[in-house]
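Visitor: Please walk me through this structure. Keep it brisk.

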Amino acid sequence: MHGFANPTRFLRLARWLTPLFLGLGIVLAGGAMGWGVFVAPADQLQGETVRIVYLHVPTAWLGMGGWTALALASLSELVWRHPLAGIAARSIAVPGAAFAAICLVTGSIWGRPAWGTWWVWDGRLTSMLVLFFLYLAYLALADAAQRDGQGQSRIPAIFGLVGAVNIPIIHYSVLWWNSLHQPPSISMGKSAMAPEFLVPLLISTAGFSLLFGAVVLMRMRALLANSQAEARLRRKAMAVAEPA
Amino acid sequence: MQHEALNQWHFVAAAYAVGLGGTVLLVAQSWMAMRRAERRREGARGK
């Protein structure tokens, strides 16, 4: 991992990976959603609304996976002081928050025809909403740390680690408490879904994961470029200010 | 007892509009922020 501690080496790889992730992500996510909307069959019980699954489930997984990655980056920053870990965590937080919000809104839209209500304060929906607020709080903390000149502060990293407690709560909420939300249809190595639903769902998840990765790389490149520009401008200002 | 007549396709279309719109906005904003920052770095190098 420390092989990528050098920003120049990381940027060389990121410049190559960003268009690859973006292009493949657009093709896979677009193809899978077209398949899900126009080709895959309607569900016997849920009818046409089951087509929302190809968007709702990948964004839910990425909202949760995003925080898991953010927590790992925070751990790496705190324990090994990896110089890119704080930048990676900050870059993950924005797409993580966006996908958590998309998951909440598409779930609410799906809930109206499926359950007869837009929202219920049950374990799954509430813990997912908490995850969205955790992302917002992380972004506010990281921005405040940056403004105070602390750069990659330890406080957002500690918050990132503590917030990971919510991830197993989201996952097990449908098993621990009564919920309108269905229990997991897919677990390690087995699926309760028929292949005609499962295949486009897995392709859509792969596509959205690549898009998530592309956004993280773009945001990391932006943060690195801004900090390099500021460092150069500071060096030049100091050189001008120094007496000859 | 009256039941609401819900057109399921309206809900599918609304969910996809939110999901795709949000994703496109996120990707476009991240791309523009990256390009702006990289131009700024090149500008700082040239000054």
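Visitor: How many residues from chain B and from chain A does the contact take?

Guide: This is a predicted model: local features need pLDDT of at least 70, side-chain atom pairs count only at pLDDT 80 or more, and totals for chains, interfaces and linings use all residues. Residues are numbered from 1 along each chain as its sequence is written, while chains are lettered from A and ligands numbered from 1 in the order in which they are written. Two residues are in contact if their C-beta atoms, placed from the backbone, lie within 7 Å. The contact takes 25 residues from chain B and 30 residues from chain A.

Visitor: How does the side of chain B that touches chain A divide by class?

Guide: Ala, Val, Leu, Ile, Met, Phe, Trp, Tyr, Cys and Pro count as nonpolar, Asp, Glu, Lys and Arg as charged, and the others, Gly among them, as polar. On that side, chain B has 15 nonpolar, 5 polar and 5 charged residues.

Visitor: What span does helix 2 of chain A reach?

Guide: Helices are DSSP runs (H or I, at least four residues), numbered from the N terminus. Helix 2 of chain A covers residues 53-80, 28 residues in all.

Visitor: Is A:Arg81 buried or exposed?

Guide: A:Arg81 lies in the loop between helix 2 and helix 3 (85-115) of chain A. A:Arg81 has a positive phi of about 55°, although it is not a glycine. A residue is buried if 20 or more other C-beta atoms lie within 10 Å of its own, exposed if 12 or fewer, and partly exposed in between, with C-beta atoms placed from the backbone. A:Arg81 has 12 C-beta neighbours inside 10 Å, so it counts as exposed.

Visitor: How is helix 2 of chain A oriented to helix 7 of chain A?

Guide: Axes are lines fitted to C-alpha atoms, for helices over the stretch in contact, and angles run from 0 to 180 degrees between N-to-C directions. Helix 2 and helix 7 (residues 195-241) of chain A pack at about 45°, with axes 9 Å apart. Angles under 35 degrees count as roughly parallel, over 145 as roughly antiparallel, 65 to 115 as roughly perpendicular and the rest as oblique. Helix 2 of chain A is therefore, relative to helix 7 of chain A, oblique.

Visitor: At what angle do helix 3 and helix 7 of chain A pack?

Guide: The axes of helix 3 and helix 7 of chain A are 8 Å apart. The angle is about 135°.

How values were computed. Helix = DSSP H or I, 4+ residues; strand = E, 2+ residues; numbered from the N terminus. Expected span 1.5 Å × (residues − 1).
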